[in-house]
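Thank you all for coming; I would like to talk through some of the side-chain pairings and one of the sheets in this structure. Please keep the sequence and the model in view while I go.

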Amino acid sequence: MSEYILFTDSCADLGPEMLEELGVDVECLTFNLGGKEYVNWPDGRDISFDEVYAALRKGATASTSQVNSDDFTKAFRRHLEAGKDILYLGFSSGLSGTVNSARIAAEELDPQYPTARVIVIDTLAASLGQGLLVWHAAQMKKQGKTLDEVAAWVEENKLKLAHWFTVDDLNFLKRGGRLSGAAALFGTMLSIKPVLHVDDEGHLIAMDKVRGRRQSLMALVDKMEKTAIEPAGQTVFISHGGCRDEAEIVAKEIKKRFGTKDIYINYVGPVIGSHSGPGTMALFFLATQR
């Protein structure tokens, strides 16, 4: 069996300790905040995630950019030169062109390394939804599963990885073109909070509306109750936009309702958070459907 490495990008929102534990390499996207460009390092070495969300709360503008194919070529080449095949699990093509850049790099490297393999998978996932797929892939790799076996599992199960989000400030969705100005204004006045998910095409879409922040957090758990596969035995991921205390409330409710023991909490990284805003809360688990 050829040796291989798992590879992802920083939109998987896995922390540095988790990435080290899983043995996963990561390519980082960049973002512009207040006119300055930063790298979305998993450890926040350029700027801490709390600083990013504090700046956004104060009205700073942010924009993001995908990884270009040259960066992927350099990163992939390093592992190919070491004699390792690569399985890259990338950020949803419904939200970014990053995975296409990885495909271009893989095609460019293919004739240069004819005995090596680079498999690129569009996870159609975002944030710790993408991260949870990477986590499952890493568990399979530790169990001795081959590159093809892990890739096949991800392809077969990625549309069973449920993503449920809510946001605290509707104006960030308005700026991203996902909500009209009038809807954002009235929603803010009435304390309306949307419940969103990532669909089978990898797009972020609104599903429900609830009134009040706590109700929106509980609505995420309600969605889990309806579709989760054996939730007590699952590993569940929660990501948050600078609101760890509220993420703990969601985790506590999950443990109370389902007896789930393994819950991993981390930030929504600044690339996704630039568009969803401070106070974003997201819940990820395996389900009968997205």
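This is a predicted model: local features need pLDDT of at least 70, side-chain atom pairs count only at pLDDT 80 or more; totals for chains, interfaces and linings use all residues.

Let me begin with Arg-78, which is partly exposed, with a relative accessible area of 47%; by that I mean a value between the limits for buried, under 20% relative accessible area, and exposed, over 50%, computed with a 1.4 Å probe on protein chains only. Residues are numbered from 1 along each chain as its sequence is written, and side-chain values use heavy atoms, with hydrogens and water left out.

What does the side chain of Arg-78 meet in a salt bridge? The partner is Asp-25, at 2.8 Å from N to O, where a salt bridge is a side-chain nitrogen of Lys or Arg within 4 Å of a carboxyl oxygen of Asp or Glu. This pair links distant parts of the chain, since Arg-78 belongs to helix H3 (residues 69–81) and Asp-25 to strand E2 (residues 24–27), 53 residues apart; helices (H or I, at least four residues) and strands (E, at least two) are DSSP runs, numbered from the N terminus. Asp-25, for its part, counts as buried, at 16% relative accessibility.

A search of the whole structure finds twelve salt bridges, and I will take two further examples. Lys-223 and Asp-208 join their side chains in a salt bridge of 2.5 Å, N to O; Lys-223 sits in helix H9 (residues 213–227) and Asp-208 in strand E10 (residues 204–211), so the pair ties together parts that are 15 residues apart in sequence.

Glu-246 counts as partly exposed at 23% relative accessibility, and Arg-213 counts as buried at 14%.

I turn now to the aromatic residues, where the structure holds ten aromatic pairs; rings of Phe, Tyr and Trp (its six-membered ring) pair if their centres lie within 6.5 Å, and planes under 30 degrees apart count as stacked, over 60 as edge-to-face and the rest as tilted. Phe-49 and Tyr-267 form an edge-to-face pair, with 5.2 Å centre to centre and 75° between the planes. The pair links Phe-49 in helix H2 (residues 49–57) with Tyr-267 in strand E12 (residues 262–267), distant parts of the chain that lie 218 residues apart, and Phe-49 is buried, with a relative accessible area of 11%.

Another edge-to-face pair is that of Trp-135 and Phe-237, at 6.4 Å centre to centre and 70° between the planes; Trp-135 lies in helix H5 and Phe-237 in strand E11 (residues 235–240), so the pair ties together parts that are 102 residues apart in sequence. Both Trp-135 and Phe-237 are buried. Helix H5 (residues 127–142) is also the place of His-136, which counts as buried at 15% relative accessibility. Leaving aside residues up to four places away in sequence, His-136 touches Trp-153 and Leu-286, contact meaning heavy atoms within 4.5 Å. Elsewhere, ring pairs link Phe-7, Phe-72, Phe-76 and Tyr-88 into a cluster.

Finally, the sheet: three strands form an open sheet in the order E4-E3-E5, with antiparallel pairing, two strands being paired if DSSP finds at least two bridges between them. Strand E4 (36–39) and strand E5 (62–65) stand at the edges, each with a single partner strand, so one side of each is left without a neighbour in the sheet. Strand E3 (residues 30–33) pairs with E4 in the antiparallel sense over four bridges; Asn-32 stands opposite Glu-37 in E4, and Phe-31 has Tyr-38 as its bridge partner there. E3 and E4 form a hairpin with two residues between them, and Gly-34 in the turn has a positive phi of about 60°.
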